[in-house]
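The notes after it are grouped by topic.

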Amino acid sequence: MSLFAMGFLLAILQPSSGQFPRACANTQSLLMKECCPPWDRDGSPCGELSSRGSCQNILLSQAPLGPQFPFSGVDDREDWPSIFYNRTCKCEGNFMGFNCGECKFGFSGPNCTERRLRTRRNIFQLTTSEKDKFLAYLNLAKNTPSQDYVIATGTYTQMNNGSNPMFRNINVYDLFVWMHYYASRDTLLGGSSVWRDIDFAHEAPGFLPWHRVFLLMWEREIQKITGDENFTIPYWDWRDAKDCVVCTDEYMGGRHPTNPNLLSPASFFSSWQVICTRSEEYNSQQALCNATSEGPILRNPGNNDKSRTPRLPTSAEVEFCLSLTQYESGSMDKMANYSFRNTLEGFADPRTAISNISQSGLHNALHIYMNGSMSQVQGSANDPIFVLHHAFVDSIFERWLRRHRPMLEVYPAANAPIGHNRENYMVPFIPLYRNGEFFKPSRELGYDYEYLQEPALDSFQEFLIPYLEQARQIWAWLVGAAVIGGVVTAVLTGLILSCWKKRRGTSSEIQPLLTESEDYNNISYQSNF
């Protein structure tokens with residue numbers, strides 16, 4: 001597409017905010033509370049005529065929530081997406097998408113039966129042409145309107161309960177910036193009141209699964225607009241880095257020669273405009289971010305508050321984090337101790353796993369270190385370093401999953417902060433995804449990391465793995481049961497033998513002798529017992 005044509009499209013399609021399928025962003029769908037668009041190949045809702053899926057009622061989790069959010073019925077994101085829709089497409093087999101028109105992550109082909117494994121690579125291992133292609137794809141996403149999604153510029157109440165839809169178009173890159181903002185924004189309580197202690201993507205168990213889905217969806221959208229089905233997000237391995245080695249014009253943009261808070265004009269990222277960075281302004285107006293441009297990307301790496309984040313994370317800190325056996329613990333929020341999730345997210349000390357919100361470790365440390373757009377949660381995805389960073393965070397999550405091989409039950413089913421229980425749907429994704437669905441190895445979702453790749457297993461090994469894993473999960477109980485059983489057996493055997501000897505010691509006139517065969521059978525019975 002020529003720059004002129006792209007500019008014309010952007011001129012007629014104004015920026016927008018809110019991740020909703022375009023086909024459902026209308027009065028009829030909102031009033032009916034139904035988002036079951038037709039699949040374009042057969043024209044039936046959810047591709048039902050082709051057995052891809054059907055329109056069904058949403059089943060919401062009834063599990064109790066934690067105490068962090070003491071309200072009910074005040075936030076559109078509660079029991080997502082029921083305030084907007086209570087019927088959506090339920091796809092069958094390996095089909096996926098808001099109209100069941102796509103394949104689940106890790107599958108491809110016309111019937112979604114072909115398994116596919118893509119590899120995410122270190123950005124510094126890409127060839128020059130591969131790296132340049134990645135940067136060009138980022139810029140294309142920033143300048144290509146999303147064909148499938150729009151964003152909501154008002155709350156459901158401001159939409160007059162659906163009779164006055166408030167949606168706008170948005171480019172592909174900013175769609176994901178907006179989604180990150182929407183999941184982490186404050187609750188608007190009316191007047192000038194807000195509730196800040198709420199986040200559907202951070203500070204709780206869903207942090208890692210949510211960002212895993214976010215990256216997978218981002219990857220897929222890039223694949224769709226470029227036609228490059230092999231595209232994967234590269235990662236930046238920041239362990240032991242002395243400074244921001246990706247902050248050069250060759251990669252993600254160097255420092256401006258006269259203003260250290262801006263990017264070098266030699267990088268095309270210097271022309272990017274950010275959105276959704278003025279949370280206090282939105283709160284005072286009781287409004288949502290409407291994706292209006294708010295200025296250039298800000299970044300001043302290393303000139304951050306050293307008392308909070310003295311340096312970038314180390315390999316030793318990552319290894320300590322990986323050694324933690326509990327995925328979640330205690331209050332399951334940023335105060336959790338000995339929690340792998342809380343330590344990796346950065347609210348617990350990466351050397352002790354004790355919560356310390358005055359410091360920023362691991363994931364949080366890199367955000368603070370960037371000292372700019374990346375350092376504010378709601379608008380952090382504006383900086384393209386965000387995807388490199390979170391791809392590496394996801395790889396650490398993947399290492400933990402492979403090392404500890406947790407069962408799904410390890411992910412909390414109840415009492416987590418709002419939106420973070422295992423069966424809760426993630427905000428604001430449509431199609432719907434539950435937190436627990438992404439608490440699994442990446443290879444089951446169709447991707448791997450170059451530095452984590454292992455030799456392919458033969459079919460017999462693959463057959464044995466699930467059974468060996470089940471045995472590993474319960475081995476401690478088996479050993480304990482065996483020890484207790486042995487003790488009980490020994491005690492009972494001793495008591496029986498004692499009684500038997502006492503009986504043998506009585507007078508022969510009173511106590512008849514056992515025959516040889518009777519004596520043998522008696523001993524056998526005792527031994528078996």
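Helix α3 and helix α4 are roughly perpendicular to each other, a term that covers angles of 65 to 115 degrees. The structure is a predicted model, in which local features need pLDDT of at least 70 and side-chain atom pairs count only at pLDDT 80 or more, while totals for chains, interfaces and linings use all residues. Residues are numbered from 1 along each chain as its sequence is written, and side-chain values use heavy atoms, with hydrogens and water left out.

**Helices α3 and α4**

- The axes of α3 (residues 128–142) and α4 cross at roughly 80 degrees and come within 5 Å, where axes are lines fitted to C-alpha atoms over the stretch in contact and angles run from 0 to 180 degrees between N-to-C directions.
- Leu138, Ala141 and Lys142 in α3 meet Val172, Tyr173 and Asp174 in α4, contact being defined as heavy atoms within 4.5 Å.
- The residues of this contact comprise four nonpolar, no polar and two charged, where Ala, Val, Leu, Ile, Met, Phe, Trp, Tyr, Cys and Pro count as nonpolar, Asp, Glu, Lys and Arg as charged, and the others, Gly among them, as polar.

**Helices α4 and α5**

- Helix α4 (residues 172–184) packs against helix α5 (residues 207–226) at an angle of about 165 degrees, and their axes are 10 Å apart.
- That angle makes α4 roughly antiparallel to α5, a term used for angles over 145 degrees.
- From α4, Val172, Tyr173, Phe176, Met179, His180 and Ala183 take part in the contact, and they meet Trp210, His211, Phe214, Met217, Trp218, Glu221 and Ile225 of α5.
- Sorted by class, the residues of the contact of α4 with α5 are ten nonpolar, two polar and one charged.

**An open sheet**

- Three strands, in the order β1-β10-β11, form an open sheet with antiparallel pairing; strands are DSSP runs of E with at least two residues, helices are runs of H or I with at least four, and both are numbered from the N terminus.
- β1 (20–21) and β11 (167–168) stand at the edges with a single partner strand each, so one side of each has no neighbour in the sheet.
- Strand β10 (residues 149–152) is joined to β11 by two bridges, and two strands pair if DSSP finds at least two bridges between them.
- Ala152 has Phe167 in β11 as its bridge partner.

**Record annotation**

- An unreviewed UniProt entry lists residues 202–219 and 383–394 for "domain: Tyrosinase copper-binding", and such annotations may be inferred rather than shown by experiment.
- Residues 202–219 are 72% helix and 0% strand, with end C-alpha atoms 21 Å apart.
- Residues 383–394 are 83% helix and 0% strand, and their end C-alpha atoms lie 18 Å apart.

Note on methods
Angles under 35 degrees count as roughly parallel, over 145 as roughly antiparallel, 65 to 115 as roughly perpendicular and the rest as oblique.
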